[in-house]
Number of protein chains: 2
Amino acid sequence: MDVKRNNILKNISFFKNFSDKTIGVLNEKSQIIDLEKGGMLFSNKDKADRFYLVTKGWVKLYRETIDGVQSIVDILTTNSVFGETSLFENDAYPFSAEATETAQVISFPLPVLKKEIENNSELSMDMMRSMVRHKKQQDQEIENRTLQNASQRIGCFLLRLVDQEQESEFVIQLPYDKTLVAARLGMQPETFSRALNKLKDQININVVGREIYISNLQDLTKYACSACSSEFPCRDMKS
Amino acid sequence: MDVKRNNILKNISFFKNFSDKTIGVLNEKSQIIDLEKGGMLFSNKDKADRFYLVTKGWVKLYRETIDGVQSIVDILTTNSVFGETSLFENDAYPFSAEATETAQVISFPLPVLKKEIENNSELSMDMMRSMVRHKKQQDQEIENRTLQNASQRIGCFLLRLVDQEQESEFVIQLPYDKTLVAARLGMQPETFSRALNKLKDQININVVGREIYISNLQDLTKYACSACSSEFPCRDMKS
């Protein structure tokens, strides 16, 4: 048993309550997959027999309309797990997965996960807790797409990235390029540009490439959070 | 032990895998609550110590912005359970609950549910399956609020109510009044009226009070589902 690799998994939130035995089995049966930008991992409705951990880069989960328009389900980076809910969905993936830049993922067999969940009540409580947290984020997202305008939604996205330990000017590094931020927020690139300009008019922010400088956090909070049922800081709502 | 009351619970999907002992305890500690139209059951962030089963009428779950604008989380009727996820949310309700018409609910103690989930792996697998189904509905809702226009969203709502066993003209009974349907879809009443009129122009439907007559289901499907990543009939997506 490779103790070092097992310890790496145990330090990732998703795996922390797995039994040592299962961690060992998962590692033995794991596969490392390197993806180029645009590389597809699987497609919506493909048979699901593995789940995935991102170890490098970014992976986009999405669905497509019959007209080929994409809807982003999530954009995930290092230490995020996906595909695990297929266990409960007739063993089919409910979305497609594609690398948005060079990425690396590790895949594990779903049946091992299923057995562990059935036998480990601490783990299943953990998973339910995580699902409920995700449900709350989704309720909030549904609300935001209805009550917030496009500029407020961009403001809300930025606020979730703010490191509040900073004291004076806040600098935010966008996690991925603006086209992808727009897609994540369900906006056309043109709508995103217009809304970002409107946001700059409303409050004092400065955009330099992927960096965004916010001089007054309260102005941004007042602007974005007035059309939201949560209060800033919304700790459960991290992007 | 009241066998008849226990059997009633066992026939409701949420309770079907509960142990007989727990069903008995839940029934013993249950409380019947009658609500007038507009009657509040609890408010967002109230301490949660009970969960609820709707036995009559309709109950609206919602959140409010600081400006008092409501966002509907769900609208539930007979045999629906709510408040149970508070177990995983620091024992606070994540929304407010109010009767939209005369309603009756039964409340049960959350600690009894928690104990049962911890000790009954079949039940916890059931709950996870139900949470994952709900997550898929929410992903779809987020997508629809972005990719479908207001008329398509009304069409989509109607399609979920269609009884496909009918053969010729389809008659749909709206489950609640149009103002509430609008709120459920995240629309202002005026937007809803305009969008419903546009839908009538696009396809052949006839609206009489709460009844809606659809002469050609394919026309409606073609119109609403073209901007959606699911295919009709979307069985998992029942409203």
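**Note on the A/B interface**

1. Let's start with charges: the rule finds 6 salt bridges across the interface of chain B and chain A, counting a side-chain nitrogen of Lys or Arg within 4 Å of a carboxyl oxygen of Asp or Glu. One to look up is A:Glu89 with B:Lys136, where the closest N and O atoms are 3.9 Å apart.

2. Before you zoom in, remember this is a predicted model: local features need pLDDT of at least 70 and side-chain atom pairs count only at pLDDT 80 or more, while totals for chains, interfaces and linings use all residues. Residues are numbered from 1 along each chain as its sequence is written, chains are lettered from A in the order written, and side-chain values use heavy atoms, with hydrogens and water left out.

3. Now the extent of the interface. In chain B, 45 residues are in contact with 45 of chain A (heavy atoms within 4.5 Å). About 4100 Å² is buried between the two chains, 65% of it from carbon and sulfur atoms; this is the accessible area (1.4 Å probe) lost on being put together, summed over both parts. B:Arg63, B:Phe88 and B:Met128 supply 15% of what chain B buries against chain A, more than any other three residues.

4. How are the two chains related? A rotation of 180° with 0.0 Å of shift along its axis puts chain B on chain A, RMSD 0.0 Å (least squares on C-alpha atoms of residues with pLDDT of at least 70 in both), which means a two-fold axis. B:Ile142 has the C-alpha of chain B nearest that axis, at 2.7 Å. Both copies use the same surface, as 100% of the contact residues of chain B recur in chain A.
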